[in-house]
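Dear colleague,

Please find below the sequence and structure that I am handing over to you. My findings follow directly after them.

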Amino acid sequence: MATDVLQRYCEKIKHELFQSVLPFWDRHSVDNEFGGFFACLDVDGDRYDDRKFMWLNGRQIYMYATICGAYTASELSELSTDRLSREKLLKDALNAAKFMYAHGVREGKVFFSLTREGEPYHFERKIFSACFLSLGLGSLGAVLKQDGRIDEGEGLVAKSLLLLKLIIGWSHDPSSLGREVCEGAPKTSPMNVPMILLNILDELQVKGAISVESAMAADIDVKQEEEWCVAEIMKHVRSNEQRVLEVVLADGSLCPGYDGRHMNPGHAIEAGWFILSYAQRTANHELAEVAEKMITWSFEAGWDKDHGGLFYFLDAEGRSPVFLEWDMKLWWPHNEAMIAFAMLYEASCKEEHLQADQ
């Protein structure tokens with residue numbers, strides 16, 4: 001029975017991916033003149049803004065690289081009525097990687113968005129634009145090396161490592177991003193920073209882009225950074241209350257006011273599967289159990305029992321959340337939950353994880 005359910009979902013998702021999602025972005029998002037991918041597309045694929053966002057380009061490069069790493073040219077062609085070309089996907093990803101790195105990385109800054117021609121448009125004092133580009137470059141580099149394009153692949157991985165080193169520095173010292181520190185603001189530990197860094201370190205190793213040794217040559221101690229990420233994330237896990245908080249003080253104690261009650265179920269579920277992936281790769285069974293609790297607690301807390309779906313934000317004490325969009329049902333937390341429960345079911349075969357995934 002479980003096998004039938006999983007097979008059904010697998011076929012449905014594969015159909016959507018190869019018959020709808022990939023062909024749409026392949027047809028409408030590619031800038032064949034300058035390079036890079038457009039993000040602002042309506043349902044018909046018409047473009048309503050020419051800006052190129054670093055997060056979308058990094059993610060799309062990563063997606064294309066992952067697909068091309070998993071399927072041969074003939075397999076890709078057969079899976080799609082559009083006859084998707086593996087060669088074209090790699091070419092478009094490589095053009096985007098070159099364009100976004102050349103125009104979006106300057107003097108230790110990684111811009112959030114660029115004009116169509118590549119002029120910087122917006123800059124945020126956060127690590128995430130660099131994170132998505134590093135992940136995309138490293139993943140694409142690994143596939144090119146796998147295809148025998150060694151020089152191109154190693155060049156992209158080298159750029160990925162340069163960005164990774166910047167990201168690590170910013171993660172440990174956010175003031176280096178140039179953020180103003182206000183006198184009354186306490187020093188906090190937001191969960192989004194260590195969780196995305198852990199994900200990058202994990203993915204780049206799993207993809208074969210980096211190893212502990214190659215990263216050490218770039219002056220990056222992967223093991224030390226992973227352990228730091230895990231320790232920071234664990235500060236947010238409240239076992240007694242069975243919840244995961246979005247922000248805590250730097251020492252792991254509660255923040256004053258609503259910051260200390262703020263919960264983001266989607267983030268907590270996502271952090272849970274990042275921890276689970278790391279725990280599985282390092283054979284840390286105790287940590288895998290913590291990851292399972294993070295995922296299940298956050299899903300149960302965030303699930304709308306009247307209408308279904310995951311709330312965006314919650315207040316840990318049941319008070320009115322201060323964020324106006326708290327009750328929105330966004331696509332990404334549900335996507336994270338599907339991944340997390342699929343991983344849990346694969347590891348444990350517990351029926352409740354399969355039921356949650358549906």
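Ser 129 counts as buried, because its relative accessibility is 8% (buried means under 20% relative accessible area, exposed over 50% and partly exposed in between, with a 1.4 Å probe and protein chains only). This is a predicted model, in which local features need pLDDT of at least 70 and side-chain atom pairs count only at pLDDT 80 or more, while totals for chains, interfaces and linings use all residues. Residues are numbered from 1 along each chain as its sequence is written, and side-chain values use heavy atoms, with hydrogens and water left out.

Ser 129 lies in helix α5, residues 128-146; helices (H or I, at least four residues) and strands (E, at least two) are DSSP runs, numbered from the N terminus. Leaving aside residues up to four places away in sequence, Ser 129 touches Met 54, Val 110, Phe 111 and Phe 112, where contact means heavy atoms within 4.5 Å.

Helix α5 also packs with helix α4 (residues 86-104), at an angle of about 135 degrees and with the axes 11 Å apart. Axes are lines fitted to C-alpha atoms, for helices over the stretch in contact, and angles run from 0 to 180 degrees between N-to-C directions. The angle makes α4 oblique to α5 (under 35 degrees counts as roughly parallel, over 145 as roughly antiparallel, 65 to 115 as roughly perpendicular and the rest as oblique). Residues that make the contact include Leu 90, Leu 94 and Tyr 101 of α4, and Leu 133, Leu 140 and Gln 146 of α5. By type, the residues of this contact divide into 11 nonpolar, 1 polar and 1 charged (Ala, Val, Leu, Ile, Met, Phe, Trp, Tyr, Cys and Pro count as nonpolar, Asp, Glu, Lys and Arg as charged, and the others, Gly among them, as polar).

Finally, two backbone angles deserve a note. Glu 107, which is not a glycine, has a positive phi of about 50 degrees; Glu 107 sits in the loop between β2 (105-106) and β3 (109-110) and is exposed at 85% relative accessibility. Gln 242, also not a glycine, has a positive phi of about 55 degrees.

With kind regards
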